[in-house]
Amino acid sequence: MAGAAAVDVPAPAAANGGACCHAAKGPGYATPLEAMEKGPREKLIYVTCVYNGINKPDYLATVDLDPNSPTYSQVIHRLPVTHIGDELHHSGWNSCSSCHGDPSAERRFLILPSLLSGRVYVVDTATDPRAPSLHKVVQAEDIAEKTGLGFPHTSHCLASGDIMISCLGDKEGNAAGNGFLLLDSEFNVKGRWEKPGHSPLFGYDFWYQPRHKTMISSTWGAPAAFRTGFNLQHVQDGLYGRHLHVYDWPGGELKQTLDLGDTGLLPLEVRFLHDPSKDTGYVGCALTSNMVRFFKTADGSWSHEVAIDVKPLKVRNWILPEMPGLITDFVISLDDRYLYLVNWLHGDIRQYNIEDPAKPVLAGQVWVGGLLQKGSDVVYVTDDGQEEQYNVPQVKGHRLRGGPQMIQLSLDGKRIYVTNSLFSRWDEQFYGDDLVKKGSHMLQIDVDTEKGGLAINPNFFVDFSKEPDGPALAHEMRYPGGDCTSDIWI
């Protein structure tokens with residue numbers, strides 16, 4: 001990892017958003033490399049699960065990841081939330097490695113924003129990690145009354161003890177009302193994070209890099225548009241994003257807006273490199289299927305360039321003549337050596353070596369579903385006019401449904417976990433009953449971190465088709481001790 005020695009250099013407290021240092025031991029790890037080298041092998045994972053067409057509350061599933069356990073690769077606990085129709089989506093912690101220097105901080109509560117209802121559930125995972133319990137519900141009405149915000153998405157803990165959640169619109173679903181919600185350490189609504197008049201054009205994900213006094217957020221689209229399904233006309237009507245917003249951290253002033261243009265449509269997940277001294281990162285642009293690298297320039301401003309371009313495929317028997325890969329998630333290994341991305345429609349997971357962040361090199365690839373697998377009605381057309389489909393193996397006798405959507409990487413970088421639900425309405429639109437009526441599954445991919453390469457673990461398959469209340473759609477995953485998409489180092 002280039003520049004690893006800089007990880008231990010403490011940043012000023014003002015830049016951290018709170019007075020943390022590395023002298024004491026709070027939650028998480030002092031550095032990304034310490035997490036990678038000393039962190040334990042994962043034994044449990046929490047998965048947000050959604051019901052579509054079933055009149056039951058969404059729930060948080062606990063899955064056993066211990067190969068030596070008799071319940072390995074099974075759901076061992078389900079925590080239903082209090083209402084129906086929430087659309088649990090992403091999750092984050094009340095405290096993470098950004099508070100490693102605060103011995104009074106504890107990683108105890110998992111924050112579950114509900115994308116459609118606007119509620120935020122707070123789950124106690126510390127009392128019994130195998131059977132989490134509901135601690136508190138922050139009601140949507142309270143959030144809307146005090147901040148005007150709705151449609152909460154990404155949650156990150158701050159070194160100050162506060163929790164920050166990106167919200168994609170106002171309670172009616174208008175993008176113009178979006179911004180960033182602040183909860184205090186007792187999960188009371190504090191207000192908005194950004195300064196008045198400094199809200200982004202659209203909301204989605206965000207990541208902060210305190211040593212560069214910068215936060216960058218991405219732009220999915222207007223909730224009023226995406227919640228009913230994807231309509232290409234809405235992109236042309238300006239209801240979806242193509243920008244990154246660069247904020248002063250922790251001040252909340254919008255400093256710069258990066259227009260990614262026609263090669264950066266629907267920028268979703270955004271991540272800096274884990275090394276907090278680095279001033280570069282990536283955003284996955286779903287519709288154009290590009291990984292765009294952002295970076296600081298010599299004059300202190302920020303710029304961007306396309307680093308990875310997944311070409312659309314010419315297809316037959318589909319709604320359009322060309323099919324994008326649809327990059328919907330990516331992760332970066334804790335040593336900043338590899339980037340992993342998913343193509344939800346094409347059906348593959350890719351591994352890239354990013355030791356030179358500007359020039360990623362494909363190192364591994366595996367197909368785990370998608371619309372182009374053998375047996376599907378859809379085919380892709382080669383340059384010489386031949387119709388082809390991809391070979392996708394069965395796992396434990398199961399045909400793989402949907403496409404790879406959310407991924408999580410083990411701390412040591414040797415295992416990827418993958419689910420296949422994007423957003424219930426879009427699942428229904430693109431994959432139909434095969435996914436919605438049969439439910440999700442979760443896979444594990446073995447990673448070759450020496451030479452590169454990806455392979456499906458044939459012994460791991462979590463089947464959400466047989467859940468007690470019916471088939472469920474599985475989305476984001478979190479380890480009890482933190483991971484490479486929940487923890488930020490300061």
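This is a predicted model: local features need pLDDT of at least 70, side-chain atom pairs count only at pLDDT 80 or more; totals for chains, interfaces and linings use all residues.
With 490 residues, a compact globule would come out near 23 Å in radius of gyration, and the chain's 21 Å agrees with that (taken over C-alpha atoms, with the globule rule being 2.2 Å times the number of residues to the power 0.38). Residues are numbered from 1 along each chain as its sequence is written, and side-chain values use heavy atoms, with hydrogens and water left out.

**The chain as a whole**

- The C-alpha atoms fill a box of roughly 60 × 50 × 50 Å along the principal axes.
- You'll find 7 helices and 33 strands in the chain (DSSP runs numbered from the N terminus: H or I of at least four residues for helices, E of at least two for strands).
- Of the 490 residues, 63% count as buried (under 20% relative accessible area; over 50% is exposed and in between is partly exposed, using a 1.4 Å probe and protein chains only).
- Take the contacts between residues at least 6 apart in sequence: 59% of them join residues at least 24 apart (contact means heavy atoms within 4.5 Å).

**Strands and sheets**

- Elsewhere, S18 (residues 290–296) and S19 (residues 302–309) pair antiparallel over 7 bridges, with Asp309 in S19 as the bridge partner of Asn290.
- S18 and S19 make a hairpin with 5 residues between them, and Gly300 in the turn has a positive phi of about 90 degrees.

**Aromatics**

- A search of the whole structure turns up 27 aromatic pairs (Phe, Tyr and Trp rings, using the six-membered ring of Trp, with centres within 6.5 Å; planes under 30 degrees apart are stacked, over 60 edge-to-face and the rest tilted).
- Phe109 and Phe187 form an edge-to-face pair, at 5.3 Å centre to centre with 80 degrees between the planes.
- Phe109 sits in strand S5 and Phe187 in the loop between S10 (179–183) and S11 (189–192), so this pair ties together parts that are 78 residues apart in sequence; Phe109 and Phe187 are both buried.
- Tyr380 and Tyr390 are a stacked pair, at 4.9 Å centre to centre and 25 degrees between the planes.
- Tyr380 belongs to strand S26 and Tyr390 to the loop between S27 and S28 (406–409), 10 residues apart.
- Tyr380 is buried at 15% relative accessible area, and Tyr390 is buried at 16%.
- One aromatic cluster is made up of Tyr204, Trp220, Phe226, Phe230, Tyr240, Trp344, Phe423, Trp426, Phe430 and Tyr431.
- Arg271 lies over the face of Phe330, at 5.3 Å from the ring centre (NZ of Lys or CZ of Arg has to be within 6 Å of the ring centre and within 35 degrees of the ring normal).

**A buried loop serine**

- Ser95 is in the loop between S4 (92–93) and S5 (109–113), and is buried at a relative accessible area of 3%.
- Leaving out residues up to four places away in sequence, Ser95 touches Pro27, Ala105, Glu106, Arg107 and Cys157.

Note on methods: Two strands pair if DSSP finds at least two bridges between them.
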